[in-house]
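Q: Could you walk me through a few local features of this one? I'd like to start with a loop and then move on to rings and a helix.

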Amino acid sequence: MRSASMAGVKVALVAAVLSGCTTTAPTDRTTPPTTDRPAAGTTAPPASEPTPARVVLTRSGGIAGRGDTVTVEPDGRWSVVDRAGSRRTGRLSGADLDRLRRLVADPALAAEAGRPSAPTACRDAFSYRLTVGTVETGYVDCPTDGGAPATARAVVELLVGATG
C-alpha cells in the first residue's frame with residue numbers, strides 16, 4: 001500500500017510542476033493589444049510593395065554595330081555605357097520611374113521571359129536583352145519575326161527614350 005501512496009504523491013508532484021510550467025507572465029495592462037504584430041515564432045508578412053530591382057538593357061547590332069548597356073538603379077539613377085566605353089548618366093523623371101516600376105512588376109514580363117525564342121530572319125537588326133532582377137527576356141527588332149513581346153518592348157522604348 002505504501003508504494004501506491006508514493007506513486008500518487010509522485011503523480012501529484014509531477015502535475016504540480018507541469019502546471020507551473022504552463023502559466024503565462026502577466027500582461028501589461030497599459031499597452032493595448034495589437035493585431036499587426038506577428039505571433040511568437042512566426043515571421044512578419046511580406047511588404048505589399050516589392051523592392052524594385054535593377055534594370056539592365058543591352059542593345060546590340062544594327063548596321064553600325066551598336067553595343068549599348070543601359071542600367072537603371074531602383075531609385076531612378078541611370079547610366080549608359082556604349083561599346084567604346086563612353087558613359088552618360090542621369091535620373092529618370094518621376095513619371096518615367098513610376099511607369100518603369102509598373103512595367104517591370106507586370107506578371108506579363110515574366111511570362112514573356114518564359115517563352116522560347118526563335119532565330120531571327122533579319123540581318124543588321126537591333127537585338128535587345130532586358131534583365132530585371134532574375135528575370136531575363138529579349139527580342140530582335142525584326143518585323144518579319146513576328147511581334148516583339150509587348151511588355152519588354154514597352155520597357156525598351158521607355159528606357160531608350162528616357163536615356164537618349
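Q: Is Asp124 buried or exposed?
A: In this predicted model, Asp124 is exposed, with a relative accessible area of 53%, which is over the 50% cut-off.

Q: And where does Asp124 lie?
A: Asp124 lies in the loop that runs between H3 and strand S5 (126–132), and although Asp124 is not a glycine, its phi is positive, at about 60 degrees.

Q: Switching to rings: how many aromatic pairs does the structure hold?
A: The structure holds 2 aromatic pairs. In one of them, the ring centres of Phe126 and Tyr128 are 6.2 Å apart and the planes are at 45 degrees, so the pair is tilted. Tyr128 also forms a tilted pair with Tyr139, with 5.2 Å centre to centre and 35 degrees between the planes.

Q: What does the pair of Tyr128 and Tyr139 tie together?
A: Because Tyr128 lies in strand S5 and Tyr139 in strand S6 (residues 135–140), the pair ties together parts that are 11 residues apart in sequence. Both Tyr128 and Tyr139 are buried, whereas Phe126 is partly exposed, with a relative accessible area of 25%.

Q: Which residue lies over the face of Phe126?
A: That is Arg59, at 5.3 Å from the ring centre of Phe126.

Q: Now the helix: which residues of H2 are buried?
A: Leu97, Leu100 and Leu103 are buried in H2, and they cover an arc of only 125 degrees around the axis, which puts them on the same side of H2. On the other side of H2, Gly94, Ala95, Arg102 and Ala105 are exposed.

Q: What do the buried residues of H2 pack against?
A: They pack against strand S1 (55–61), strand S2 (66–72), helix H3 (107–113) and helix H4 (150–163).

Key
Residues numbered from 1 in each chain as written. Predicted model: local features only at pLDDT ≥ 70, side-chain atom pairs only at ≥ 80, totals over all residues. Heavy atoms only, no water. Buried < 20%, exposed > 50% of the residue type's maximum accessible area, 1.4 Å probe, protein only. Helix = DSSP H or I, 4+ residues; strand = E, 2+ residues; numbered from the N terminus. Arc of directions from axis to C-beta. Contact = heavy atoms within 4.5 Å. Phe/Tyr/Trp six-rings, centres within 6.5 Å; stacked < 30°, edge-to-face > 60°. Lys NZ or Arg CZ within 6 Å of the ring centre and 35° of its normal.
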